[in-house]
Amino acid sequence: MNEKKPKPIEPVSGRVMPRFAGPSTFCRLPELRDVPRCDVALLGIPFDAGTSYRPGARFGPQAIRQASRQLRTNFHPAYDTEPYKTMQVADAGDVGCNPFSIDEAIAQIETAAAELYEKAGAIISLGGDHTIALPLLRAVNKQAGGPVALVHFDAHLDTWDTYFGAPYTHGTPFRRAAEEGLFLDHASMHVGIRGPLYSRDDLEADRELGFKVIHCDELQREGVDHIAERIRRRVGEHPLYLSIDIDVLDPSCAPGTGTPEIAGMTSRELVNILRGLRGLNLISADIVEVAPAYDHAELTSLAAATIAYEMINLMACYGR
């Protein structure tokens, strides 16, 4: 006889405790230590030593958690889901990253994520700068038993070789990931790329790593449904890792980030592209580069919190 799955512990209800009060976890979810099992864990990674322009993403995880208080999360009509009733979701706290050593911090993040996979089926990481994607991909490869499809939403390629001779920065994670064979080069892509580059060779070097590129101009011409369909065709049935740099959004929608680029996606466009990915096997994800010191009225933090909740619902749709 199969053992009955325990009923999930849900977030504190906004009808019982006002949303501006109560636990300081993401969406006021239970902490990981307080649940017997966990389908999806939210993990804060307060690290920004890899930034090349404006620092401050180390404060992103707590800002995203604070903004998530505004969300009504019981039922999502776009997905017809009640994710916190069908899955156990919990907040796993923050990784203790060394702010003075990038190499040591990367090792700490990989270890923490690998250990968390022993307790949780999937991880949604709250960054932090984009350097963190490399150790997270290393950990998810161990969990998945091999490379995964990688869909990277960003204004920038993040496949440069080095910055000032440094191989591990927020502009290099996917070059290192390609060298380590961490993603499926026939099933991975960048989405939202725009703006000028360091060299006319940058796009060619990126193609050699296996990425396809969807520029923001294509979104403008072809629309949301076209972009979602391109992603679906590229990913297919492969396990999917989503990496979302909040600067994929236009600065009018997300001013609180380290390297903003004008002419980006609106929050509506990004959310609807994500909804178009329903049915794909999303196994883990990250949301990075939220720098609250440059934010206004929690626009950026709220966008990131909403994106995290959208990804929880995508996981619920797949029947995790």
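Mentor: Start with the contacts: from H8, Val 224, Ile 227, Ala 228 and Ile 231 meet Glu 269, Asn 272 and Ile 273 of H9 (contact means heavy atoms within 4.5 Å). Keep in mind that this is a predicted model, where local features need pLDDT of at least 70 and side-chain atom pairs count only at pLDDT 80 or more, while totals for chains, interfaces and linings use all residues. Residues are numbered from 1 along each chain as its sequence is written, and side-chain values use heavy atoms, with hydrogens and water left out.

H8 covers residues 224-235 and H9 residues 267-275; helices are DSSP runs of H or I with at least four residues, strands are E runs of at least two, and both are numbered from the N terminus. Their axes lie 9 Å apart, at an angle of about 40 degrees (axes are lines fitted to C-alpha atoms, for helices over the stretch in contact, and angles run from 0 to 180 degrees between N-to-C directions). That makes H8 oblique to H9: under 35 degrees counts as roughly parallel, over 145 as roughly antiparallel, 65 to 115 as roughly perpendicular and the rest as oblique.

On its other partner, the axis of H9 comes within 10 Å of the H10 axis, and the two cross at roughly 10 degrees. So H9 is roughly parallel to H10. Here Leu 270, Val 271, Leu 274 and Arg 275 of H9 meet Ile 307, Glu 310 and Leu 314 of H10.

Now the rings. There are five aromatic pairs in the structure (Phe, Tyr or six-membered Trp rings with centres within 6.5 Å; planes under 30 degrees apart are stacked, over 60 edge-to-face, the rest tilted).

Finally, ring pairs link Trp 160, Tyr 163 and Tyr 198 into a cluster.
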